[in-house]
Amino acid sequence: MDRAEPGPAGSAATGPSKQIHWVRDVTYDEGRSQIRTGTGPEVMAALRNAAIGALHLKGVTNIVAANRHPARDSTRPLALLGIT
């Protein structure tokens, strides 16, 4: 299966749940994360979900481009959250 394609029909995740897993896997390359012990993987997944949720609340549809934008200026993520 190509990474850019959604999983097979009848897979466990559906709808928004399937979409967020796809975004985390493809955009954030979650599968290659080296964080594997304790609660680290769950914490990182929660942070990625929070970032994706904040972007969706602001109406962002292109997560990749939105991730590049704050990388150029460290105050942008704070402004997105209204913390400036």
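Mentor: A salt bridge is a side-chain nitrogen of Lys or Arg within 4 Å of a carboxyl oxygen of Asp or Glu. The model is predicted, so local features need pLDDT of at least 70 and side-chain atom pairs count only at pLDDT 80 or more, while totals for chains, interfaces and linings use all residues. Residues are numbered from 1 along each chain as its sequence is written, and side-chain values use heavy atoms, leaving out hydrogens and water.

Trainee: How many salt bridges does a search of the whole structure find?

Mentor: One joins arginine 32 to aspartate 29, with the closest N and O atoms 2.5 Å apart. Glutamate 30 meets arginine 24 at 3.0 Å, N to O. Glutamate 30 also meets arginine 48 at 3.0 Å, N to O. For the whole structure, the number of salt bridges found is three.

Trainee: Is arginine 48 buried or exposed?

Mentor: The term buried means under 20% relative accessible area, exposed means over 50%, and partly exposed lies in between (1.4 Å probe, protein chains only). Arginine 48 has a relative accessible area of 12%, and therefore counts as buried.

Trainee: Which class does glutamate 30 fall into?

Mentor: Glutamate 30 belongs to a network of salt bridges with Arg24 and Arg48. Because its relative accessibility is 22%, glutamate 30 counts as partly exposed.

Trainee: Which residue just after H2 takes a positive phi?

Mentor: Helices are DSSP runs of H or I with at least four residues, and strands are runs of E with at least two, numbered from the N terminus. Helix H2 covers residues 40-57. Just after H2, a positive phi of about 85 degrees is taken by glycine 59.

Key:
Expected span 1.5 Å × (residues − 1).
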